[in-house]
Amino acid sequence: MSYKTLITEIDTEDGFAVIQMNRPESLNALCEEMMTELSAAFDRFEADNSVQCIILTGSKRAFSGGADVKEIQSKTFPQSYYEDFITRNWERAARARKPLIAAVAGYAIGGGCELAMMCDIILAADNARFGQPEIRLGVMPGAGATQRLTRVIGKSKAMELCLTGRMMEAVEAERCGLISRIVAADDLMTEARELARTIALMPRAAAMMTKEAINAAYETSLTQGIQFERRLFQSLFATDDQKEGMSAYIDKRTAHFKDR
């Protein structure tokens, strides 16, 4: 399938897909067409049983510079409300059930930073820069930053970034827990592919349930979260992969999972 604003590929041998945002002339600004295509790409790869993990990336210069300001400048409140702006086609990444890796190089600011935070793991190049500069445009973050960023890095730092619009580099982002780790910019996609390959080798049910349980930690009390985790953990004893994984461990051999 072809897209106008994306480049996609499937590594059928290793079980993962790559989605590359491709609007280099605008630092991968998130326009209506791109977000609609991105939602369709996620739908496609979620439905493909050969895909166990998805990588979302941009270019070496920018993951994404945020919303396409030229496209949204003239919007009115009634218009944005009635068309369900952002909610309608920006949140698809947050609803993905399969593990989703954001491979970030260069700028990930505004909606670009928010899109990265919708992913499960943010792998950052050493030239990555993160920020929420919306206040400098007379607005505020609208794709989740006031909620997701605050939960990840804490109130004080989230307030500073959102109220001043300053950007932070990869080292600071790693220090405050926004990203998983930093790699050399030239090695970003090699490392992202290796990470996706490793995740894709894991049993699908266990991977998807692990993701579901970790995400629940942000929206439930500790008691509810523990109970939710326990039920998912117990349910995995109904799978063939649990039997295979534990038998392989006891037999000191490599497990061969079949997603059953």
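1. The largest nonpolar core holds 48 residues, and Leu56, Phe130 and Leu178 have the most contacts inside it. Such a core is a set of buried Ala, Val, Leu, Ile, Met, Phe, Trp, Tyr and Cys residues joined through side-chain atoms within 4.5 Å. Helix H1 (residues 32–47) supplies the largest share of this core, six residues. A second, separate core has 15 residues, among them Phe16, Ala103, Ala105 and Ala125. Buried means under 20% relative accessible area, exposed over 50%, and partly exposed in between (1.4 Å probe, protein chains only).

2. This is a predicted model: local features need pLDDT of at least 70, side-chain atom pairs count only at pLDDT 80 or more, and totals for chains, interfaces and linings use all residues. Residues are numbered from 1 along each chain as its sequence is written, and side-chain values use heavy atoms, with hydrogens and water left out.

3. Phenylalanine 130 touches Val104, Ala108, Ile109, Cys113, Ile122, Ala124, Arg166, Met167, Met168, Ala173, Leu178 and Ile179, not counting residues up to four places away in sequence. Contact here means heavy atoms within 4.5 Å.

4. The axes of helix H4 (residues 111–118) and helix H5 (residues 145–153) come within 10 Å and cross at roughly 60°. Axes are lines fitted to C-alpha atoms, for helices over the stretch in contact, and angles run from 0 to 180 degrees between N-to-C directions. H4 and H5 are therefore oblique to each other; under 35 degrees counts as roughly parallel, over 145 as roughly antiparallel, 65 to 115 as roughly perpendicular and the rest as oblique. Helices (H or I, at least four residues) and strands (E, at least two) are DSSP runs, numbered from the N terminus.

5. On the H4 side of this pair, Glu114, Met117 and Met118 meet Ala145, Arg148 and Leu149 of H5. The residues of this contact divide into four nonpolar, no polar and two charged. Ala, Val, Leu, Ile, Met, Phe, Trp, Tyr, Cys and Pro count as nonpolar, Asp, Glu, Lys and Arg as charged, and the others, Gly among them, as polar.

6. Glutamate 172 lies in helix H7 (residues 170–175). Its relative accessibility is 13%, so glutamate 172 counts as buried. Beyond four places in sequence, glutamate 172 touches Lys157 and Arg166.

7. Aspartate 14 sits in the loop between strand S1 (6–11) and strand S2 (16–21). With a relative accessible area of 24%, aspartate 14 is partly exposed. Aspartate 14 and threonine 198 are 184 residues apart in sequence, yet 8.7 Å apart in space, C-alpha to C-alpha. Leaving aside neighbours within four places in sequence, aspartate 14 is in contact with Arg197 and Ala200.
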